[in-house]
Amino acid sequence: MSGIYIHIPFCTKACFYCDFHFSVNKKHRPEMTQSIVRELVYYGKHKKFDFFKVHPISSIYFGGGTPSILPIEDIAKILETIYENYSVAENPEITLEANPDDLTPDYCQQLNTKGINRLSIGIQSFFEEHLKWMNRSHNALQAETCVNNAVDAGIKNISIDLIYGFPGLSNDQWLANLQIAQNFPINHLSCYCLTVEERTPLKKLIETKRYLPTDEHLAAKHFNMLSNWTAANHWEHYEISNLCRNGFYSKHNTAYWQQEPYLGIGPSAHSYNGLERRWNVKDNNAYIENWQIDKPLFEIELLTPTNKLNEYILTALRTCWGLNLDHANELANINFMETKMDLIKKYSALNLLTLDKNCIKLTNEGRLFADGIAADFFVN
Ligand code: SF4
């Protein structure tokens with residue numbers, strides 16, 4: 001499996017908590033689409049990513065930023081370029097991240113016609129006061145109507161993003177958000193714990209005491225509520241922040257977690273080809289200027305076996321499939337179980353992980369400490 005990720009670096013408003021790469025100045029949107037097309041053609045023609053010769057593209061993901069800002073002609077042009085320059089598998093998953101305020105019935109219809117078969121909708125909450133607190137561009141009514149607009153237009157594969165763990169989200173409201181989402185005909189939910197990132201408006205608002213600080217006990221409480229709700233409502237909590245029903249895993253994200261290769265296009269997009277990671281320049285103007293002369297602008301890191309193993313530990317422990325000991329051994333040519341037996345015993349005794357059929361898996365309790373446990377398992 002291989003994937004293509006396209007980063008669309010524009011948003012209508014800056015959400016206070018967000019540290020992704022985006023601009024609210026959309027003046028150069030047409031030039032950005034032209035540059036994205038040029039980058040796609042460049043890698044398609046130059047075959048810099050050799051694995052695309054043997055692995056057809058099985059997922060295409062428009063992320064951002066807010067890809068639903070794009071007019072349908074731009075989305076169609078990008079997709080056409082991919083089909084013309086790469087070998088695409090039959091029935092690829094083609095996801096577009098969308099904001100509720102963009103998903104009018106007409107736009108949903110056009111997306112469906114152009115081949116978008118999965119939407120990942122940034123709803124975050126169905127309560128007006130939360131959307132205002134986050135500085136989202138949509139309102140509660142749009143949050144409620146957008147899913148039906150998409151379904152009526154024929155897009156059946158839908159994921160909703162929700163955020164928990166922030167002051168102002170009561171326990172009852174968190175459950176209500178999950179319940180409202182569950183009543184829609186969706187098959188995937190991404191539930192993120194709010195984190196306060198450096199250099200975000202949220203950080204500043206908290207520092208200047210205009211917003212309350214986040215509370216890790218509240219976050220843990222909401223995560224436990226999510227775990228209980230998941231079990232009671234027949235969702236599969238297959239990754240710490242991701243749930244699905246009826247086997248509708250996100251193919252694109254699952255491929256990331258399984259260290260499959262992917263090509264990232266657009267400013268700030270990351271690529272991985274099994275040997276190296278690269279990340280494009282995080283500057284819209286520099287990206288556009290360089291692609292006018294077909295000049296890639298990126299940084300690159302060659303991955304050592306140890307890097308690969310540590311990345312695998314970090315991502316695998318977050319998933320329901322866990323960390324496969326044979327795969328860990330292969331990645332860094334070590335006996336992982338022998339090296340880490342004391343840690344496995346320690347965390348098993350604390351009921352934070354289990355060793356199950358050659359795989360280390362975190363328990364629900366362990367998932368609360370996933371990053372710290374993963375760091376303990378890292379090798380030097
Ligand atoms: S819409 Fe998404 S990418 Fe844009 S500012 Fe909000 S969270 Fe960030």
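Author: The following account takes up the sheet, and then a pair of helices elsewhere in the chain.

The model is predicted, and local features require pLDDT of at least 70, side-chain atom pairs count only at pLDDT 80 or more, and totals for chains, interfaces and linings use all residues. Residues are numbered from 1 along each chain as its sequence is written.

The open sheet has three strands in the order β13-β15-β14, with antiparallel pairing. Strands (E, at least two residues) and helices (H or I, at least four) are DSSP runs numbered from the N terminus, and two strands pair if DSSP finds at least two bridges between them. Because β13 (323-324) and β14 (353-356) each have a single partner strand, they stand at the edges, and one side of each is left without a neighbour in the sheet. Between β13 and β15 (residues 359-362) there are two bridges; asparagine 324 has cysteine 359 of β15 as its bridge partner. Helix α14 (residues 336-349) packs on this sheet and touches β14 and β15, its direction making about 120 degrees with that of β14. Contact here means C-beta atoms, placed from the backbone, within 7 Å. Axes are lines fitted to C-alpha atoms, for helices over the stretch in contact, and angles run from 0 to 180 degrees between N-to-C directions.

Turning to the helix pair, the axes of α7 (residues 171-183) and α9 (residues 216-232) come within 11 Å and cross at roughly 40 degrees. Asn171, Trp174, Leu175 and Leu178 of α7 meet Lys221, His222, Met225 and Trp229 of α9 in this contact.

Notes. Contact = placed C-beta atoms within 7 Å.
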